[in-house]
Amino acid sequence: MGSKYRNEIIKTLQKQEKISKAEYTLLFEDKEGYTEEEEILFDEALQKVITLQADAAHISLAMIVFPYFEFQRYAFPEASALSFDHAVFSSRSNFEHAHLTQDITFEGASFRGKAYFRDVHFGGKATFTSATFLEKSYFRRSVFEKEAYFLSTTFIQKADLRDVIFHDKALFRGAVCKDLIQFSGAQISSLDLETSRFDDASYLHLHGVGQHRGKPTLLSGKHFPNKESARHIKAHFEKQNNITEANKYFVIEQSLYLDELISEDWWSHKGRIFTLALHKLVSNSGTSWIKVLLWILLFALLVLVLHDGFPQDKETLFNIPNRAVDLINPMNIFKRGYTLYEGQAFWGMVVRVIAMYLIYQFMMAFRQDTRRK
């Protein structure tokens, strides 16, 4: 195969006659049509190579061509990082329930059969960068304590990451899934989906990781390293016409966009920053009509007090709602027989401009909140 003689560490073991040429060939030859007897010989050769590297900080199993692979069959030293870089898993690979305290890498690896990583505890960094999963892959309920790298990883069939916990960064930048990829119920610390391309996905019940292994938290901008990641999920829910979920991620996206503008040359973006900040303050980026309504009521009372002063008697007190409407009504639809803001044209213009803005925000937020779910 093309992968032959590329693992220099194992090649050195063969040159030092610590493994035989036949054992070396077993590790890297094509496993098509492998018999049970050949698998037993392969297992023995593989365990021998692992044992010979037991004192090394890094155990290299790169480029090896595996038949059916069961991780729990082998004795791996807990202190040594494991490398399956550019390995080929010809058949089913099973890492289920493994408890890994060390870093493990599968960079450029090819999983030709179903890959089972369910209930795995990744204590160190886990790297699947540029790996290819040709059949279904299962990561459900796995826990990643440190960084999880799925950069430019390709999933040809379904990828199941339901209920996964990412305590550190989860990087799927540039990842591709040509089928359904499921993140439902996952807990994240920082999820990077920038430039990822998923034909179909599920992000329902996504939460933030709870502090000190506590209850999951609601998602916010701190759980995404860039606005594109939140926009990716928002676009997915918009495509499903799930406006309720889309609104959640729109708020996060706008918050991240605001942070991005502030962290750059904020003076050059001062107009945009003011608009975004005001939009966030008044209507939670156009998603909360109740918040806008409270601002309208507060503004109306403020204008009333500034214009008329505090109510002095019971009759004036009962007339507050009508008088407030008169004062902030931008179109004078309910105008009475007296002239408002006489001699105070500029003050009246400011009040009505603010009122128009608040009413517009209310209509947009109400419409957004009552669209078909």
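Which residue lies over the face of Y24? Some notes on this one, point by point.

1. It's K11, at 5.1 Å from the ring centre of Y24. R118 does likewise with Y138, at 5.0 Å from the ring centre. (A charge counts as over a ring if NZ of Lys or CZ of Arg is within 6 Å of the ring centre and within 35 degrees of the ring normal.)

2. Before going on: this is a predicted model, where local features need pLDDT of at least 70, side-chain atom pairs count only at pLDDT 80 or more, and totals for chains, interfaces and linings use all residues. Residues are numbered from 1 along each chain as its sequence is written, and side-chain values use heavy atoms, with hydrogens and water left out.

3. On to the sheet. Seven strands make an open, parallel one, ordered β1-β4-β8-β12-β16-β20-β23. β1 (58-60) and β23 (190-192) are at the edges with a single partner strand each, so one side of each has no neighbour in the sheet. (Strands are DSSP runs of E, at least two residues, and helices runs of H or I, at least four, numbered from the N terminus; two strands pair if DSSP finds at least two bridges between them.)

4. The whole structure holds 50 aromatic pairs. (Rings of Phe, Tyr and Trp, the last by its six-membered ring, pair with centres within 6.5 Å; planes under 30 degrees apart are stacked, over 60 edge-to-face, the rest tilted.) F122 and F144 are a stacked pair, 4.4 Å centre to centre with 5° between the planes. F122 belongs to strand β11 and F144 to strand β15, 22 residues apart. Both are buried (under 20% relative accessible area, with exposed over 50% and partly exposed in between; 1.4 Å probe, protein chains only).
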